[in-house]
Amino acid sequence: MKPEFLTPLLDKVCVPQDLRALPEAQLRQLADELRLETISAVSVTGGHLGAGLGVVELTVALHYVFNTPDDRLIWDVGHQAYPHKILTGRRDRIRTLRQAGGLSGFTKRSESPYDPFGAAHSSTSISAGLGMAVARDLSHGDNNVIAVIGDGAMSAGMAYEAMNNAGALNSRLIVILNDNDMSIAPPVGAMSAYLARLVSGGSYRSFRETAKQLAKHLPKFFYDKAKRTEEYARGFWTGGTMFEELGFYYVGPIDGHNLDHLLPVLKNVRDTHNGPTLIHVVTRKGHGYSPAEASDDKYHGVNTFDVVTGTQSKPKANAPAYTRVFADSLIDEAKRDDKIVAVTAAMPSGTGLDHFGELFPTRAFDVGIAEQHAVTFAAGLATEGYKPFCAIYSTFLQRAYDQVVHDVAIQKLPVRFAIDRAGLVGADGATHAGSFDISYLTCLPDIVVMAAADEAELVHMVATAVAYDDGPIAFRYPRGEGVGVDMPKQGVPLPIGKGRIMMEGSRIALLSLGTRLAEALKAAEDLNAMGLSTTVADARFAKPLDLEMIRKLAQNHDVLITLEEGGVGGFGAHVLTALSDEGLLDSGRLKVRAMTLPDVFIDHDKPERMYANAGLDAKGIVAKVVATLGQAETPAKPLIA
């Protein structure tokens, strides 16, 4: 007997309207094909896989039940949005994910009308969804607004602020809690599915409202008791009491991989509910792909990989990664100083603090997706004589800026900020670039800001932060590998506010902050070969500046170029202010240029190409020097590539 082959369905679905034309009986097959297509695409591009595999059925169900894009569907963070992109007209470009000129790894308004809100940072979906729901009400619209948020993102304070506001406003909003890690959820099976259908349906709601009206005629004491009895009885079976207290009508938990459970509940909520509703859906990261299911992180983020085996490609390591250098340096210091503690906001492995925590479990604190709390928590530790290292990516530290200013800087508390992912980060693009920390930190009084030029310097900067107790201190370092320099056996504290001269010259001065130093040294070789004697200096400190070194560079050279892996208004701006205050710009003899990241949000690409396009590689530095000298002074010798 010949096997029966099913006709592929995904080829017929370009946009959700095509999906809604299918009979429900075919949705299981479509979900299976969508999962395979997601795996295949990410095996080519790399990216976030586990979260997307966990919401394949939910994605199919949402686009089937709701009239997207008129109904607004908001994905929190966006790690799980790859299946959504495939179903919304972007399948032909899905293998360009996170590539230059290709699809973003997150939702992006400019990319598709099916992405009503751009994401990449956590816990924003409910706030954005509530704004859309209120705008709809003000415009007398009737479309649905659905926010999908994970249990990790739900732990952040912003999510609860939004839910509290939503409960008070009572606008019609649907929040789907995608629970793939919570231990509080009761077992998901036939009974919970039945209860979810029951409480989400019109009959139960009608009965509930009728009972409420009757109860209102009872004395207040009995009415209050009856109301609480109904809520807590439902909460006992469904686990939703906390959300009910915030003003949400709770439905769930339901199996997020069972379309027979998902579809009727979504339809009921779509058709019968007013006010804010929360649907609790239980899923599993990496679902349906055994290598992901077996992995500790469920393939949350992956390099390119072999689909059959799940084996990921590993880049050749020529030098230790900056993150690991930081972690090992902090561990080394902590062995000698029991006052050192480490704080991270849901990124222990990303910041390397998982290694610290293995050795010092009582001195390592992962506070969850709560950067604001992390900073003030660290400030509290500092008041009691501890030495907190608050390790947060540059892009996420932005979320705690008020706490950095108000709770740390104004009080001059010695919180140590280890700022990972400084500068451009490649495939994650503009939302994750560490472009602004130099600018937003150096404007604060009494803060020390350092930038490591290489992995050896990072070791010394960790030691510097340990030794510094006079106020807040920050040091920044990029993603990826170092440059392969000889590593010190132990960090040595640097003199605060003192840079170093790396190469002596007489006409051109290149003053670098951070890891552009390697490119500055390459540029200097080319400039020297062109007859332009070049000095290269490593500033080390963006604040306080080494005014003595800067003064000498300005007085003894014709051209001074500052270099930094940050946006406009950072290190270069402070150098120019210092030169102006010193009167070193008055004669007009000295030509000064600040080389920064361009004043735009830079889309994803490989970091080396991003820096080249920004002009911050050796070739770009040489070109800037030549342009600064002016066409009439351009050397006769050819430019060395």
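Me: Which residues of α17 meet Gln403, Val404, Asp407 and Val408 in α19?
Reply: This is a predicted model, in which local features need pLDDT of at least 70, side-chain atom pairs count only at pLDDT 80 or more, and totals for chains, interfaces and linings use all residues. Residues are numbered from 1 along each chain as its sequence is written, and side-chain values use heavy atoms, without hydrogens and water. Contact means heavy atoms within 4.5 Å. On the α17 side, the residues are Gln372, Val375, Thr376 and Ala379.

Me: What is the relative direction of α17 and α19, roughly parallel or roughly antiparallel?
Reply: Helices are DSSP runs of H or I with at least four residues, and strands are runs of E with at least two, numbered from the N terminus. Axes are lines fitted to C-alpha atoms, for helices over the stretch in contact, with angles from 0 to 180 degrees between N-to-C directions. The axes of α17 (residues 371-383) and α19 (residues 401-409) come within 9 Å and cross at roughly 10°. Angles under 35 degrees count as roughly parallel and over 145 as roughly antiparallel, so α17 and α19 are roughly parallel.

Me: Which strands stand at the edges of the open sheet?
Reply: Seven strands form this mixed sheet, in the order β7-β6-β8-β9-β11-β10-β15; two strands pair if DSSP finds at least two bridges between them. Each edge strand has a single partner, so one side of each lacks a neighbour in the sheet. These strands are β7 (364-366) and β15 (541-543).

Me: Which residue in β11 stands opposite Val449?
Reply: Strands β10 (residues 448-451) and β11 (residues 473-476) pair in the parallel sense over four bridges. Opposite Val449 stands Ala474.

Notes:
Angles under 35 degrees count as roughly parallel, over 145 as roughly antiparallel, 65 to 115 as roughly perpendicular and the rest as oblique.
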